[in-house]
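Please look through the sequence and the structure shown here before reading on.

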Amino acid sequence: MNILEFSLLIFIGSFAAGFLGALTGLGGGVVIVPLLTSVFGIDIRYAIGASLVSVIATSCASASTYIKTGYTNLRLGMFLEVATITGALIGATIASFISIKALTIVLAIVLLYSAYLSGKPKAESTDSESSDTLATNLKLNNTYPTTDGEIAYQVHSVPMGFGIMAFAGVLSGLLGIGSGAFKVLAMDRAMGLPFKVSTSTSNFMIGVTAVASAGVYLALGYIEPGVTMPVMLGVLPGALLGAKVLVGANTQTLRIVFSFVLAAMALKMVYNSLSGGI
Amino acid sequence: MQVLNFKYQDSFTISSVNCGENHQESISKSTLLEIPNLHINTHEYTKNKSEKQLELLISNFLKYGVFTACFIVFVGGVLYLAECGLEPVNYHFFEGQPSVFHAPMLLVSGILSGNHYSIIIFGLLLLIAIPIIRVVISLLTFFRQGDFTYTLMTSVALLGLIYSFITAY
């Protein structure tokens, strides 16, 4: 196979990954890394580098749209960024000395967990009474638009959310994924935010979190232009199209199918890793 | 729960639009995103004007930034495929890439001479710069508003990013 064919195949695969990632709310990164390694046989370090870049592109492009809809809580995003950036610096440093086998296992566990989260229906938090004093002092409480007008919401358990975010940052730096699943977990479950607010704010932060580990990846030579180019150019339009289709789509069946696909890819990666290949 | 969720997603669109029966419609629905936006803006009373301005500034900056970076990577990619498209693939084994940090001038001369790798890398660097500049824009805005808590916070974020590039270097 020559480079032209290979790049085109990666482009198509990345487009599909971006599309599915956006539809299921998991983000393209978590699909791209196993796709590039287990289907295309690319070294996991190149895959992580390419995924990281595509995560930055997708996050910036979709954050631009989300901000205009009024769901994104900029202050909350900028506050939690401090946690994710710190985490990403730690994660990228670990990535520079961890063995490929360990990296593969960590990725597989994250994939399985994402698959589990993806198959589960989302619980909408409606509690809007007591608020964290820290949240009030930091002016984190805000409103979001619904068909009935603006609805106010309160932010809870700020320290807890901050902690989970730092962990999400570590995974992001380690695996080159947006780890959107963990970010949403922190904001949905711990901080009790409305689903749309947590998704779009998480999206807003993913770009800057990824950038925090990009410096390390560039220095280590993980970002191979030939691999990154088709991945980035494929994931971005795929994700944008997915986000548009999502507005009117019922994704429950897709989510369940997708979580099985993720689980299968995770198991294949572990099998390959343990049996000696990459 | 899914029904709730679905209804929730539907709140994006104006009520007069039919639920998407085909692909075409579901795409055209999303192009109507701008309409409820206008509605939101006129009923906005909790976010003050400067906050709105920051939102708009960041939103536009991200949009144009990403498309510029992608365009440059695309140009580099076309040149790359035109030149080496017929060579065999070798990404199975990790070799590491020459670091641009060690030879920044090589990048500049590469771009000027139309080297495809240099153009792709330039596009990627531009993309990486976008979130960093976004943090700088927020920092300046908060500073001008006299919001020192957030000035401090965005400064810490920016220092973290700068630190990551310094250690990498």
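Two residues are in contact if their C-beta atoms, placed from the backbone, lie within 7 Å. This is a predicted model, in which local features need pLDDT of at least 70 and side-chain atom pairs count only at pLDDT 80 or more, while totals for chains, interfaces and linings use all residues. Residues are numbered from 1 along each chain as its sequence is written, and chains are lettered from A and ligands numbered from 1 in the order in which they are written.

**Chain B**
- Among contacts in chain B between residues at least 6 apart in sequence, those joining residues at least 24 apart make up 55%.
- Chain B has 7 helices and 0 strands, where helices (H or I, at least four residues) and strands (E, at least two) are DSSP runs, numbered from the N terminus.

**Ile58(B)**
- Ile58(B) lies in helix H4 (residues 49-84) of chain B, and it counts as buried because it has 22 C-beta neighbours inside 10 Å.
- Leaving out residues up to four places away in sequence, Ile58(B) touches Ile67(A), Arg134(B) and Ile137(B).
- Although Ile58(B) and Ile137(B) are 79 residues apart along the chain, their C-alpha atoms are separated by 7.8 Å.

**The largest nonpolar core**
- A nonpolar core is a set of buried Ala, Val, Leu, Ile, Met, Phe, Trp, Tyr and Cys residues joined through C-beta atoms within 7 Å.
- The largest one has 125 residues, and Ile56(A) and Ala57(A) have the most contacts inside it.
- Helix H3 (residues 44-69) of chain A gives the most to this core, with 15 residues.

How values were computed
Buried ≥ 20, exposed ≤ 12 C-beta atoms within 10 Å, placed from the backbone.
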